[in-house]
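Please examine the sequence and the structure shown below.

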Amino acid sequence: MRPVPELPEVETIRAQLEPRLAGRSITEAGSHPSAKFAPAMDAIGHDISSVSRRGKYLIVALDDGRDPRCELVIHLGMTGRLSIAADVDARHPHLRAWWRLDGGDVLTFHDIRRFGRIHVVDAGRYETIATLHRLGPEPLNDGFTGDGLWRALSASRRCVKTQLLSQRPVAGVGNIYADEALWLAQINPAVRYVSKPRAARLAEAIRTALTSGLRHGGTTLRDYAAVDGSSGRNQHHLHCYGRAGEPCERCGTELRRRIIDARGTTWCPTCQRR
Ligand SMILES: [Zn+2]
């Protein structure tokens, strides 16, 4: 399975988009006819107030002078890519949505695999976007603690890795940073119970892994590129993800890979014992 953009990649995109979009208005828009992308058109006539992020969701705050305000919510899925271009090539086979801005340039959304999603909702009303509605705390905010993570993980008997990917104990962690964090915290990805002290270590490891991703502009494996087309550099700083068959940096044991709940998972059989 291809890696999908996770918190560091989406945050890198957000930081590039915000200064180019805030204060502009959307004069025209178009989309692929699929219901996944057609809501793009609901943003026509709105001004863009800001671009923020929750987990892996980009949230473009809109204003058309009426209450309630709206938000354009974009999930990049597995292969989604946002760019700002001088114009739009409406015949491009992977173009899923576009928004023309005052001034003439265009925000485009290309998505090869079509796992991306676009919604326009009243601000903060995410009932129709199940994962966003039930999203766990932002890992880089103070509200994310080891105790909170322990309580959230204890509410389910699923494998710890699967729980992290569900976005419910914590927002924004996908396959790459889950493998990295579990390796850093020395927790086996298949365990179904994590003690309080280990949850505290895991919370810290999640912050460490995501901060490394952010510092290096995200991880580029196949599809991810920032708005300006540049690649991330974090792939050169991974300890575990994608390194099956290589020696563990901590103990020298060969890292292994197996499928856990349909997701490829790499771990060290020595320092992440069950
Ligand atoms: Zn090891």
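Predicted model: local features only at pLDDT ≥ 70, side-chain atom pairs only at ≥ 80, totals over all residues.

## A buried helix and its surroundings

If its neighbours within four places in sequence are left aside, alanine 181 is in contact with Val173, Leu202, Ala205, Ile206 and Ala209. Helix H6 covers residues 196-215.

## The largest nonpolar core

In soluble globular proteins, nonpolar side chains tend to be buried together. In this model, the largest nonpolar core has 65 residues, and those with the most contacts inside it are Leu58, Val60, Val173, Ala181, Leu202 and Ile206. Helix H5 (residues 175-185) supplies the largest share of this core, eight residues. The core also draws at least three residues from each of two domains, domain 1 (7-133) and domain 2 (146-267).

## Loops on either side of the helix

Most residues other than glycine have a negative phi, and most peptide bonds are trans. Glutamine 167 counts as buried because it has 21 C-beta neighbours inside 10 Å, and the cut-off for a buried residue is 20 or more.

Glutamine 186 follows H5 and is found in the loop between H5 and helix H6. Its phi is also positive, at about 55°, in a residue that is not a glycine. Glutamine 186 has 18 C-beta neighbours inside 10 Å and therefore counts as partly exposed.

## A cis peptide bond

Another backbone feature is found between aspartate 67 and proline 68, which are joined by a cis peptide bond with omega of about -5°. Proline 68 is placed in the loop between strand S3 (57-63) and strand S4 (70-75).

## An open antiparallel sheet

Four strands form an open sheet with antiparallel pairing, in the order S1-S6-S7-S5. Strand S1 (26-31) and strand S5 (80-85) stand at the edges; each has a single partner strand, so one side of each is left without a neighbour in the sheet. On average, neighbouring strands of this sheet are turned by 15° against each other, direction ignored.

The pairing of S5 with strand S7 (residues 106-111) is antiparallel and is made through six bridges.

## The chain as a whole

The protein chain has six helices and ten strands. Its radius of gyration is 19 Å, close to the 19 Å that the globule rule gives for 274 residues, so the chain is as compact as a globular protein of that length. The C-alpha trace spans about 55 × 35 × 30 Å along its principal axes.

Of the 274 residues, 41% count as buried. Among contacts between residues at least 6 apart in sequence, 59% join residues at least 24 apart.

Definitions and conventions. Residues numbered from 1 in each chain as written. Core = buried A, V, L, I, M, F, W, Y, C linked by C-beta atoms within 7 Å. Buried ≥ 20, exposed ≤ 12 C-beta atoms within 10 Å, placed from the backbone. Helix = DSSP H or I, 4+ residues; strand = E, 2+ residues; numbered from the N terminus. Domains from an automatic or database assignment. Contact = placed C-beta atoms within 7 Å. Pairing = 2+ DSSP bridges. Axes fitted to C-alpha atoms, helices over the stretch in contact; angles between N-to-C directions. Rg over C-alpha atoms; globule rule 2.2 N^0.38 Å.
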